[in-house]
Number of protein chains: 2
Amino acid sequence: MVNETQHTCSASSSSKSDGGSSSGSESSKDSSRCSTPVLDADRHERLREKMRRRQDSGDKWFSLEFFPPRTANAAVNLISRFDRMGAGGPLFIDVTWHPAGDPGSDKETSSMIIANTAVNYCGLETILHMTCCNQTKDDITGHLQKAKRLGLKNIMALRGDPVGEEWEEEVDGFNYAVDLVKHIRNEFDDYFDICVAGYPKGHPEAESYEADLRHLKEKVFAGADFIITQLFFRSETFLKFMKDCQAIGITCPIIPGIFPIQGYHSLRQLVKLSKLEVPQEIKDVIEPIKDNDAAIRNYGVELAVSMCRELLDSGMVHGLHFYTLNREVATTEVLKRLGIWKEDPRRPLPWAVSAHPKRRVEDVRPIFWASRPKSYIYRTQEWDDFPNGRWGNSSSPAFGELKDYYLFYLKSKSPREELLKMWGEELTGEESVFEVFTCYITGEPNKNGHKVTCMPWNDDPLATETNLLKEQLEKVNRRGILTINSQPNINGKPSTDPIVGWGPSGGYVFQKAYLEFFTSSEIVTALLKVLKKYELRVNYHIVNVKGQNITNAPDLQPNAVTWGIFPGREIIQPTVVDPVSFLSWKDEAFALWIEQWAKLYEEESPSRMIIQYIHDNYYLVNLVDNDFPLENCLWQVVDDTFELLN
Amino acid sequence: MVNETQHTCSASSSSKSDGGSSSGSESSKDSSRCSTPVLDADRHERLREKMRRRQDSGDKWFSLEFFPPRTANAAVNLISRFDRMGAGGPLFIDVTWHPAGDPGSDKETSSMIIANTAVNYCGLETILHMTCCNQTKDDITGHLQKAKRLGLKNIMALRGDPVGEEWEEEVDGFNYAVDLVKHIRNEFDDYFDICVAGYPKGHPEAESYEADLRHLKEKVFAGADFIITQLFFRSETFLKFMKDCQAIGITCPIIPGIFPIQGYHSLRQLVKLSKLEVPQEIKDVIEPIKDNDAAIRNYGVELAVSMCRELLDSGMVHGLHFYTLNREVATTEVLKRLGIWKEDPRRPLPWAVSAHPKRRVEDVRPIFWASRPKSYIYRTQEWDDFPNGRWGNSSSPAFGELKDYYLFYLKSKSPREELLKMWGEELTGEESVFEVFTCYITGEPNKNGHKVTCMPWNDDPLATETNLLKEQLEKVNRRGILTINSQPNINGKPSTDPIVGWGPSGGYVFQKAYLEFFTSSEIVTALLKVLKKYELRVNYHIVNVKGQNITNAPDLQPNAVTWGIFPGREIIQPTVVDPVSFLSWKDEAFALWIEQWAKLYEEESPSRMIIQYIHDNYYLVNLVDNDFPLENCLWQVVDDTFELLN
């Protein structure tokens, strides 16, 4: 009877402990006690395993294709789009290879760097396209090595378009995608997941549809893990193709490429490139409305939705791949109407994880970078090990210095003119700075009628969670306690809570109240007197730009301020207030005054000098209320401070 | 103004993070991310640092001296005494070196093994005495190496008594304690803390009191860290000695050796050995009552208390060292009357820690060994690293096998006859076993009028915490759910709670409800049906002696069942239910039926066959209720199971 139940683990898993004490002693030396919490399977599986798991569970998924941008500004926008569209829960995104755009270089617009940013800074599972024709073996190996080093784990192996009319096969060269697949498997073994392209109507240059299917089979048998198809206009086209593939023994996943028609010209261009024919019934609808973009897009959405429904309803399709053309609206609309866009995806941790494989086990970070996760990832990119389970009281966190505040993936989304409208064309004193902070908190427009939707320390509007503290935050910012980070205390809310929840369901999440702000030395003096009354309850850390430094953290140990308790798991404590890291954060937090704000103004201008004064004279303060089950006392601390000053 | 406050850490501690990204990257490779939680400074400081810290904080302390026992039975009793007297909070204990008793051997009565047991199994800071005369350099080095290997960190360096009358100094040999001190420092650098003996009246063989002081100074200057004195009868004797020491430049701690008179004969013997003279006023009191042990002990306690008070009141004495003569009552009485016996010492962790330096960071253990911590320490003694922060899902915990259930430090304190009275001279069926478990839970005498104060899985009476569950436990044991381990759920009680509290004050402790029991396969079948209803809430693990194994633990991950949140610290989670370790524990738990219970009876006897039947056919079950904020559902699970069976 006992063996009937499902959850069994074989008795042999205990055999290692039966080896007697001497062998036990030996094997204990090998046993790594490193923790690998498997809170989120998505962080540990390779792409082909994720696909398999989704297929097994019947969970439908989607993926998104982007091409590299042409300008640095477009790169900033594309990264914001990754963040926004990433929130919908794509299984992966892919970035095309732009042979003309120096695709393997370090330029901010290269395919390689855009894919790197998607993986590392946006935390997205990413496939990098790579074409092989007209490239040497060494070039290609170099690109693959670089991709691996940057944390990319998936390659879409393509032939690419030969240059010129007179193309001839090179002996020993890469003439077809299959050569690239073989090369990757030869040189990198099983490291990469490999995707190849399928042509539902056959490749335009193939001798025949059947010959093309045989080429596809060759690519799969050479080591490809799955297939993404070229776009098509009728679901029957894909379903027939899929059956034909299966009939000749192709068993790997085949993902239909969906192209929502978004405009007359983009459709024409794509059709020209892909040498596909647009069915007459589509032409008939589009031609009369070809100058009405909105009408064409609406039609395109309708068409895509109904085709996707047919595909999903066939039972043969588990995932849909979208050719986004780097646009958001149409694809998002299709996904929402299909019900596979995740409106509120569960967060595995309270912060956005990176998808670099070496960060797979990372589950603890200092709270300071809560609103600047990309900067945190940048400053820790050279680390070999990432903290998990505990932050530890290592004395050398060794954060990389943040020198270049203008890296496109760290840069503000708003241009200079917009920032000036928000933060003031002209500042008249410290009070006008207080006013900017206050407007950011309240969401009210400033006196020139502009809303303050970002700050140097936070490129996004106020978090929903921070909204819980809005009233108090407004009051203190008005008086010169310039808050840049805060969280309320939480005493065991369900892990599924829409605002503060994270991690698997069935758990409970907790927080200690946290408040971080810049303020004047006058206020700090009063604050320190008040803090004496709260010595056992409140941990504080106060530092100025010169590094003058006051804290009551015991032995400079980290203080866990967010943690979660889950069924059948160890405790997860994803954010800590670490006194050592705070000194690295302090450099960045102070520098942002200058780099992002002061530099908007002319040198020597009064506005610039006001910001410079604050930078030189204010203190950065963090406060933690350790008594999380009681009412947050930090507001009382601040009130007491103001009272003392009066 | 800012620099006035006390808690400052120098700005230079941030300098490492200022090294730029390239140097940052390099140093990150060195940075150990290993966590060293300093929850309990006592676990991390060396003895001399602990002394210094107590002296600085004005916290009075005591220490206890024991000699090795003569028989194996006496060793069992001595270890129990270590546990009981350890609960009073001695700063350290010391074990004398018995040259006649093969002191460095592996015998259970040797000085070395007793000290090893005190450190490793009782978790006591321990000083091992060592004498040097009549021993070769190699012998001594061997002893010291062995002591180091066993985790001993402190040596009391003594000359010892020369054998025979005709003793002559050996050239290049060890003639005096100072030679041993030098040898330890030469060969082991600063590894050991070294203690030496001081003679408040001068060593009986010294040329003069002054000459003896000079010898003492030599020992200190050769590398001794502190001094413990020979016993004395008047506080003035010690205080004068201390001043004389200081006058000649001895600045290390000097700890008075206190000898509470416990009987006429022991006093006479000690006086004879130490060549001390008992003051007339003491002789006058003692001689008339020399046959009244209780009266002499009372007098001895009075005398010791008043002398200790004088010493402590002098302001020169911070710690008191007691010559216990391996007895408990008098010393405990003196300590309690002085108010330095800690009635309820705070537990740094919910389980008894080991004092071996390599276990310094250990702060996670599986809950299964909660009542058998010495067995846990034994089975993990060969590990090089101990889990801290996280248990991790290592697939090879590699516990040593527990073959010898009769190791003196693992053995039951009760002799066979007593066990038979408790557990039944003759068993008549499984029900008589249920009865034994029930009596253990209730504390009521069994049908022959004997209380059941221990069980094979628990050598002590029921824990106070378990008392919270007594009523339910009684009910289920009566019906054949034979509980061996349990804890109630706790949703944030203060860390100072007298029953469930642990760790530094100002924190909150939590628990998930846990229940572990043996039961028949009939009950397991019903239980599994009931557990389907609790699938998301209750984690279970069910296994029989053959290793048939059923669990719903996700990915065989550990489940944290005890954790604490403290001011300014990371989360501590000292106990987990680990599915992999459970299979090692299972072997031990099943073997205890046979080793400790069945073997009390004749082979082939009905009683023995009943225990053998249970061993062969019952299952060991553990249940965790993950919903710690709600009412414990495990009793409902058990009730539902019984209902299903009816």
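The stops below proceed from overall dimensions to local detail.

This is a predicted model, in which local features need pLDDT of at least 70, side-chain atom pairs count only at pLDDT 80 or more, and totals for chains, interfaces and linings use all residues. Residues are numbered from 1 along each chain as its sequence is written, chains are lettered from A and ligands numbered from 1 in the order in which they are written, and side-chain values use heavy atoms, with hydrogens and water left out.

**Whole chain.** Select chain A: its C-alpha atoms occupy a box of roughly 85 × 75 × 45 Å along the principal axes. Colouring by secondary structure shows 21 helices and 18 strands (DSSP runs, H or I of at least four residues and E of at least two, numbered from the N terminus).

**Burial.** Of the 646 residues in chain A, 60% are buried (under 20% relative accessible area, 1.4 Å probe, protein chains only).

**Helix α6.** Next, select residues 177–188 of chain A, the 12 residues of helix α6. Which residues of α6(A) are buried? They are Ala177(A), Val178(A), Leu180(A), Val181(A), His183(A), Ile184(A), Arg185(A) and Phe188(A).

**Its surroundings.** Display the elements that cover these buried residues, including α2 (47–57), α5 (137–149) and α7 (209–221) of chain A. Strands β3 (126–131), β4 (154–158) and β5 (193–198) of chain A are also among the cover.

Terms used:
Buried < 20%, exposed > 50% of the residue type's maximum accessible area, 1.4 Å probe, protein only. Expected span 1.5 Å × (residues − 1). Contact = heavy atoms within 4.5 Å.
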